[in-house]
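Visitor: I would like to walk through this model with you, starting from the inside. Could you show it to me?

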Amino acid sequence: MGAGLAAPGPGGANSRQPFRSLAEYRDLMREIVRQGLVDIMLMSPSSSEILAIDERLFAESAVTPAARANDATDIWLSQSGVYSAQPSRGFYTSTIAQLRFGSATTVAGPGAVDLGLYSLTLNNDAALDRESLEQYREFRGAAEPAGLRHFLEIFAPNAPAHPIADVPRFVNDSIARLLAGVVRSARPIFLKIPYFGPAALESLCHYDDSLIVGVLGGAAGTTHDAFRLVEEAKKYGARAALFGRKINQAEDQLSFVRFLRAVADDQLTAAEAARAYHAELERSGLLPHRPLADDLQLTDPTLQ
């Protein structure tokens, strides 16, 4: 939904193309669902139509299908575009009925998707942020009677109109203020937010212990970055980790997910999982993106 041709991730070493095809991308989704170690598979509406509705991939699976309900301008990441550098403006491509059932005229059906992701980016601009919040209100008003649950993604400001002295506090305050006006039946079932470090996460989790807070994965980084993020976020109150690029750009997605799950379930430390993942790559004859010593580095400042 954001990166265009690059969205399926890097192509193989023997490919003439720099990125996978959409068919290859969906095959990897199928493999991860069949592996059964993730709780949710987030897809675009076009992919969820094929996998969830047409193929009924999730019918006998414990994995929950979810689809992106909106695609605001700050995730339009065309290689030659500059949308992401401009203040976010709300937008959605698919209607709720199309997302749920694959058709604007269908009101029920097998394989229906009942979980959507809605994202917000607030930029300390009263006019633009009011517009974004009104659109979210309209979405909630339509989603609830349609039987669509949702989780809410709050990004850091992408192009703030005025300086923000404390971005983590701005995001936390925005979440608290917003959700104070949302009744239980329309609330997101969990949050997806950037990891700003222990203090900010603990502060939000302390404010309302009924909130299920999840952290987004962000840029790929090192393998140790990915595993430490799960370890640290759980330590300070998060209860979900929502990784896209970190999984999509892994050398072996199924192994990467398996060790992510082991860290989440406290079976391995982040460093142990990174070493075990490299050992798995070696056994499988797969070349790692970087040597183990480099992959054990922590390059994300919030994790150091």
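Visitor: Which residues does F58 touch, leaving aside those up to four places away in sequence?
Guide: Happy to start there, and bear in mind that this is a predicted model. F58 is among the residues with the most contacts inside the largest nonpolar core, together with L191 and F227. Not counting residues up to four places away in sequence, F58 touches V33, M41, M43, L51, A52, V63, T64 and P65.

Visitor: Let's turn to rings. Are the planes of Y118 and Y136 stacked, tilted or edge-to-face?
Guide: A search of the whole structure finds 10 aromatic pairs. In the pair of Y118 and Y136, the centres are 5.0 Å apart. Planes under 30 degrees apart would count as stacked and those over 60 as edge-to-face. The planes here are at 35°, so the pair is tilted.

Visitor: How many residues apart are Y118 and Y136?
Guide: Y118 lies in strand 3 (residues 115–121) and Y136 in helix 4 (residues 126–146). Both Y118 and Y136 are buried. The pair links distant parts of the chain, and the separation is 18 residues.

Visitor: Which charged residue sits over the ring of Y136?
Guide: A charged end is found 4.6 Å from the centre of the Y136 ring. The residue it belongs to is R140.

Visitor: Why does the pair of F256 and Y277 tie together separate parts of the sequence?
Guide: The two rings have centres 5.6 Å apart and planes at 80°, so the pair is edge-to-face. F256 and Y277 are both buried. F256 belongs to helix 9 (residues 253–264) and Y277 to helix 10 (residues 270–284), so the parts tied together are 21 residues apart in sequence.

Visitor: How many of the residues of helix 7 are buried?
Guide: Helix 7 (residues 223–235) reaches 19 Å from its first C-alpha to its last, close to the 18 Å expected. Its buried residues include T223, H224 and D225. Helix 7 is mostly covered, with a buried count of 10 of its 13 residues.

Key: Residues numbered from 1 in each chain as written. Predicted model: local features only at pLDDT ≥ 70, side-chain atom pairs only at ≥ 80, totals over all residues. Heavy atoms only, no water. Phe/Tyr/Trp six-rings, centres within 6.5 Å; stacked < 30°, edge-to-face > 60°. Helix = DSSP H or I, 4+ residues; strand = E, 2+ residues; numbered from the N terminus. Buried < 20%, exposed > 50% of the residue type's maximum accessible area, 1.4 Å probe, protein only. Lys NZ or Arg CZ within 6 Å of the ring centre and 35° of its normal. Core = buried A, V, L, I, M, F, W, Y, C linked by side-chain atoms within 4.5 Å. Contact = heavy atoms within 4.5 Å. Expected span 1.5 Å × (residues − 1).
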